[in-house]
Amino acid sequence: MNFLYAAYTATWIIHITYLGTLVRRYHRLSGEIEELKKK
Amino acid sequence: MHLDASPVVTLTSVFKQFGRFAALRGVTAEFTSGRLYAILGDNGAGKTTLLRVLAGLAQPTRGTVSILGTTKLRSVCHELGYMAHPSLLYDEMSGMENLRYFARLYGISDLTNNDPTQKDEGGAANMTAVGLDPALARPVAQYSQGMRQRLSLARALLNDPKLLLLDEPFSNVDSGSAREMVLLLSRLRSAGKTIFVVTHQALLLEGTADEFVWMEAGQITNRARELRPVETR
Amino acid sequence: MKRVFPILALLTAVLLSCALYEALVAAPTEQTMGNVQRIFYYHVPSAWTAFLLFFINFVCSIQYLVRPNPVADKLTNWTVIAIGIAACIAAFVIRPLPEGIEPSSVATTGLAIAGFYFLIRKCFSQPRTDALAVVTAEVGVVFCTVVLVTGPLWARPVWGIWWTWDVRLTSTLVLWLIYVSYLMLRRFSTSGQTPVLAAALAVFGALDVPLVYFSIWIFRTQHPQPVIGGGGSIDPRMLHVLLINWLAFLCFAALVCWSRYRLEILQREVEETQALEALLEPRSSR
Amino acid sequence: MSKSSAVPSGVTGATLAKDLRLEWRSKDALNSMLFFSLLVVVVFSFSFDPNAEESRQIAGGLVWVAFLFAAVVALNQTWARELRNHVLDAYRVSPAPANSLFLAKASGNFIFVAVLEILMTPLFIMFYKLRALGPAWQLIPVAALGTWALVVNGTFFAAMSLRTRSREIMLPLLLFPVSIPALLAMVNATTAILTGELSAKFWIVLLSTYDVVFTIACLLLFELVLNAE
């Protein structure tokens, strides 16, 4: 049974980590867009 | 000798970008056949990139390049001679071995052939023309910089090209040999070839070049028949 | 389009929680394996989704390489049509089919391949296929990672081992390695034509997959390994839960791909603007 | 001067001859490959008992892994040679077809790795007391097909990794995953022949398929990779 929960948690940890990297990339990009707009 | 003044090279708003760096920024120009063009400008002005685009080594990001009436540069590459700033030679082989190999790439099977009707006009003649001894057996690694430069020119001339693109042919060559090379170029020009010379030593070409082309920040800023003293420094 | 996104996200979340409930509670407990078997409802849909994404990556890479060249483009189009037709004919001509393969599934697969190819061709311009290729490779690797993590967690209590060099496990691992190297190539490339290089690698990888599968299949038949699953038919209620989970994960993957795709496009636009900026800004000649 | 727009012929031969001559003069690739695989042989012999009867079971894997790593050394060398002085540009401006260059490079690497195999095999036999219990002649097609499988993709990916940062590391990263089925086939065929328990026929067929598929793929895509600056 523990293995079941471990597997389900692991799945969502992986997905959320990936989504986290996406958000981080998006923030970096919007920073760059702001910089471009200033020019 | 060709007397037609039709354009050999036509560039239409050519851009070349390397990431965020723009090496060529909208070059539009026409160059006519049978002339010697000296391309001048500071480092980073886009001269080398221009030659690489003409040689088909770099694809322009935007714009079109037409050479000898076609935009498919690959189909006229056998009419092109290209001499780059690096020597484009194998250091471990001797001069003639190098030339013989590169000749094969152009379908010229044997430079020292036995066929009497086809005189040995390829490698050996080219080597003597640039002032090197064809019998030299030393590997290129042991050549002086000037000799390498001359051998590199001989390599560019192998296929008897109609269009010659030379990047800094006189750098590291002593002034006497440089003058000889200029003479050779002017002979080639008289034979109807179109020649582009990128150089920092503009004075060497004074009186020989038909036109001087100034480049700055990826654009052609000026073209003139004469090298004005103001620009020479 | 932007307003649709939160609605879809909400729907997907609802679907995912439904699927989770079904998987944990509603689905019948397997007799021999017990509750651990429920990992199946996450493991298998993730695998199917990953394979689908890699397949899209392959189609995009082919199109990216082929479309600038009209002759090759036409040739590929006809090849794809031929694959579709051949699959339909083969489904009804070849008798007997290998065990466990229905004629209808052969025909559907062939038609799906052709359909996918032309759908992508119609919906995406040639430069955009490259963006889609990056996206599917990346999200595919994420799903493949899920498969590779949940697999051992399932194997450990059931077989008593974490890993076995079984054909499906090993092929999935190799697939994962190939696409990780694909992403590495994209990151480390200094070429101005990274998309071309990456697309070439993707084609190599896709060509490799059947060979990997086939070689390991033979390898395995020579070396006895633990048998996977119970085999045979699956309880219809389990199948139902499985399909719901797959649907949920497909929607989730589509959403992730969509956001990642928008990010990629945005990034390319920013890069283009920066490049344009570099063009316009007067450069001091040193 | 006779000059035509036709594609020049004999470029493959000329390039191959040139590569062999360069290698003969420097012996860079061969020396480093030989020493490298020698090291592998010696190091591996400490990790298990080379005299045991079971060593026959893993010898196939050991031999091919040693050759694979050694081949990577040679593959990195081939294109490094063309990058010095930018000689590759001289090839690219000439009308010589890209695929001639590819075939010449691939056959050159094939010859280097084959020479290595011929020199190393007696050593392997000596160190690990190998003796084929199956039909030994089958080792020759297995070696030839296997070497080509490594070299054809290796040459392609080495050209690809020219356009990347830290290209020496990039080559194995790209090459190994794609080479897995070939490696599996080579190892299993060799083990099958050495132990004489099973037939190697299937693996030879698989290797041939691999070779054909990837040779075609390389020839179709090499021009794009060569010109991707």
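1. Chain A has one helix and zero strands. Helices here are DSSP runs of H or I with at least four residues, strands are runs of E with at least two, and both are numbered from the N terminus. The model is predicted: local features need pLDDT of at least 70, side-chain atom pairs count only at pLDDT 80 or more, and totals for chains, interfaces and linings use all residues. Residues are numbered from 1 along each chain as its sequence is written, while chains are lettered from A and ligands numbered from 1 in the order in which they are written.

2. The helix of chain A is α1, residues 2-38. It has 37 residues and reaches 54 Å from its first C-alpha to its last. That is close to the 54 Å expected at 1.5 Å a residue, where the expected span is 1.5 Å times one less than the number of residues. The C-alpha trace of chain A spans about 60 × 5 × 5 Å along its principal axes.

3. Of the 39 residues of chain A, 10% count as buried. Buried means 20 or more other C-beta atoms within 10 Å of the residue's own; exposed means 12 or fewer, partly exposed lies in between, and C-beta atoms are placed from the backbone. In α1(A) the buried residues are Leu4(A), Ala7(A), Thr11(A) and His15(A). An α-helix has 3.6 residues a turn, so residues three or four places apart point the same way.

4. What do the buried residues of α1(A) pack against? The partners are α2 (40-66) and α5 (126-159) of chain C. Chain A does not touch chain B; their nearest C-alpha atoms are 13 Å apart. Nor does any contact join chain A and chain D, whose closest C-alpha atoms lie 22 Å apart. A contact needs the C-beta atoms of two residues, placed from the backbone, to lie within 7 Å.

5. Chain C meets chain D through 28 residues of chain C and 27 residues of chain D. On the chain C side, α6 (167-188) and α7 (194-222) are the elements that give two or more residues. α7(C) gives the most, with 15 residues. This side of chain C divides into 18 nonpolar, nine polar and one charged. Ala, Val, Leu, Ile, Met, Phe, Trp, Tyr, Cys and Pro count as nonpolar, Asp, Glu, Lys and Arg as charged, and the others, Gly among them, as polar.

6. Chain C also touches chain B: eight residues of chain C are in contact with twelve residues of chain B. The chain C side has three nonpolar, three polar and two charged residues.

7. Within chain C, the domain assignment gives domain 1 (55-124) and domain 2 (127-226 + 238-264). The bounds come from an automatic or database assignment. The C-alpha centres of the two domains lie 20 Å apart. Their contact takes eleven residues from domain 1 and 14 residues from domain 2. Nine residues of the domain 1 side come from α2(C), its largest share. By class, the domain 1 side has eight nonpolar, three polar and no charged residues.

8. Chain B has six helices and nine strands. Of its 233 residues, 48% count as buried. Among contacts in chain B with a separation of 6 or more, 70% are between residues 24 or more positions apart.

9. An open sheet of six strands in chain B has the order β5-β6-β7-β3-β8-β9, with mixed pairing. Pairing requires at least two DSSP bridges between the strands. The edge strands are β5 (80-83) and β9 (219-224) of chain B, each pairing on one side only. The twist averages 15° from one strand to the next. Strand β8 (residues 211-216) of chain B runs antiparallel to β9(B), joined by five bridges. One bridge pairs Phe212(B) with Ala224(B) in β9(B).

10. Strands β1 (residues 7-18) and β2 (residues 21-32) of chain B pair in the antiparallel sense over nine bridges. Val14(B) stands opposite Val27(B) in β2(B). The hairpin of β1(B) and β2(B) has two residues between the strands, and Gly19(B) takes a positive phi near 60°.

11. Why does Phe102(B) count as buried? Because Phe102(B) has 28 C-beta neighbours inside 10 Å. Phe102(B) is found in helix α2 (residues 95-105) of chain B. Leaving aside neighbours within four places in sequence, Phe102(B) is in contact with Arg155(B), Leu158(B) and Ala90(D).

How values were computed. Axes are lines fitted to C-alpha atoms, for helices over the stretch in contact, and angles run from 0 to 180 degrees between N-to-C directions.
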